[in-house]
Protein chains: 2
Amino acid sequence: MLSQSPAVDRVFHALGDPTRRAILEKLSEGPISVSTLAGPMEITLAAVVQHIQVLEKSGLVHTEKAGRVRTCRMEPQGLGIIERWIGDRRSLWERRLDRLGDILAEEDGK
Amino acid sequence: MLSQSPAVDRVFHALGDPTRRAILEKLSEGPISVSTLAGPMEITLAAVVQHIQVLEKSGLVHTEKAGRVRTCRMEPQGLGIIERWIGDRRSLWERRLDRLGDILAEEDGK
């Protein structure tokens, strides 16, 4: 009964890591280069690059190289995948509450 | 520059695991007992219980024991934590786009 969407898996896996969420928090302020992003972080540049690759594969980040500088920017569409997943959970749950409400109203009417 | 909210950390960590997302998908259809939940899963009951505990600590699930049966239900408030985090990322990003739009409009006006 594992959750079946690879896209949903990738986004939740990417955001399950606090360093990757911190990267996305920074990128939501605007695009920056990989080296500027890595500057204040207490991990190696290679580790930062790996985190960025995970974020890029999940569709949360886009990177582009101009000369020797690679710039990262947030892709808000990636967040939409999680928003839809949450919305689906909520709507199923609320529909169930509505049905319970209907049953209670019927019981009252008897 | 790690992301600082322990509540956000707990919810994203909880949902970073596909088994835990599958449990929440099942619970969004309605409350069920731990043993009914574990039935179709290809992991031990002890592993299922551990996953449920992680979900409970993150505020995504509530469990209650009546006699010998422990029932789990989804807590939609837990999902709100992630929705707010995503909303904050989006609004920062959109505000930046608005500022860029203003700058371009000013340039056009010159």
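The largest pocket and its setting

Modeller: Three elements of chain A, namely α3 (34-38), α4 (45-57) and β3 (69-74), each contribute at least two residues to the lining of the largest pocket. The model is predicted, so local features need pLDDT of at least 70 and side-chain atom pairs count only at pLDDT 80 or more, while totals for chains, interfaces and linings use all residues. Residues are numbered from 1 along each chain as its sequence is written, chains are lettered from A and ligands numbered from 1 in the order in which they are written, and side-chain values use heavy atoms, with hydrogens and water left out.

Helices (H or I, at least four residues) and strands (E, at least two) are DSSP runs, numbered from the N terminus. A pocket is found on a 1 Å grid over the protein atoms alone: it is an open set of points where a 1.4 Å probe fits, with protein on both sides within 12 Å along at least five of seven lines, and lining residues have an atom within 4 Å of a point.

The volume of the largest pocket is about 190 Å³, taken as the space filled by probe spheres set on grid points joined across faces, edges and corners. Five residues of the lining come from α4(A), the largest share. Among the lining residues are Leu45(A), Val49(A), Ile52(A), Gln53(A) and Glu56(A), along with Arg68(A), Val69(A) and Arg70(A). Sorted by class, the lining has five nonpolar, four polar and three charged residues; Ala, Val, Leu, Ile, Met, Phe, Trp, Tyr, Cys and Pro count as nonpolar, Asp, Glu, Lys and Arg as charged, and the others, Gly among them, as polar.

Next, the helix packing. In chain A, the axes of α1 (residues 6-15) and α5 (residues 76-109) come within 9 Å and cross at roughly 105 degrees. Axes are lines fitted to C-alpha atoms, for helices over the stretch in contact, and angles run from 0 to 180 degrees between N-to-C directions. The two helices are therefore roughly perpendicular, given that angles of 65 to 115 degrees count as such, under 35 as roughly parallel, over 145 as roughly antiparallel and the rest as oblique. Val11(A) and Phe12(A) are among the α1(A) residues that meet α5(A), where Ile82(A) and Trp85(A) are among the partners.

Arg21(A), Leu24(A), Glu25(A) and Leu27(A) meet Trp85(B), Arg89(B) and Trp93(B), a contact of four nonpolar, no polar and three charged residues. Contact means heavy atoms within 4.5 Å.

Chain A superposes on chain B by a rotation of 180 degrees with 0.0 Å of shift along its axis, at an RMSD of 0.0 Å, the relation of a two-fold axis.

Methods: Least-squares fit on C-alpha atoms with pLDDT ≥ 70 in both.
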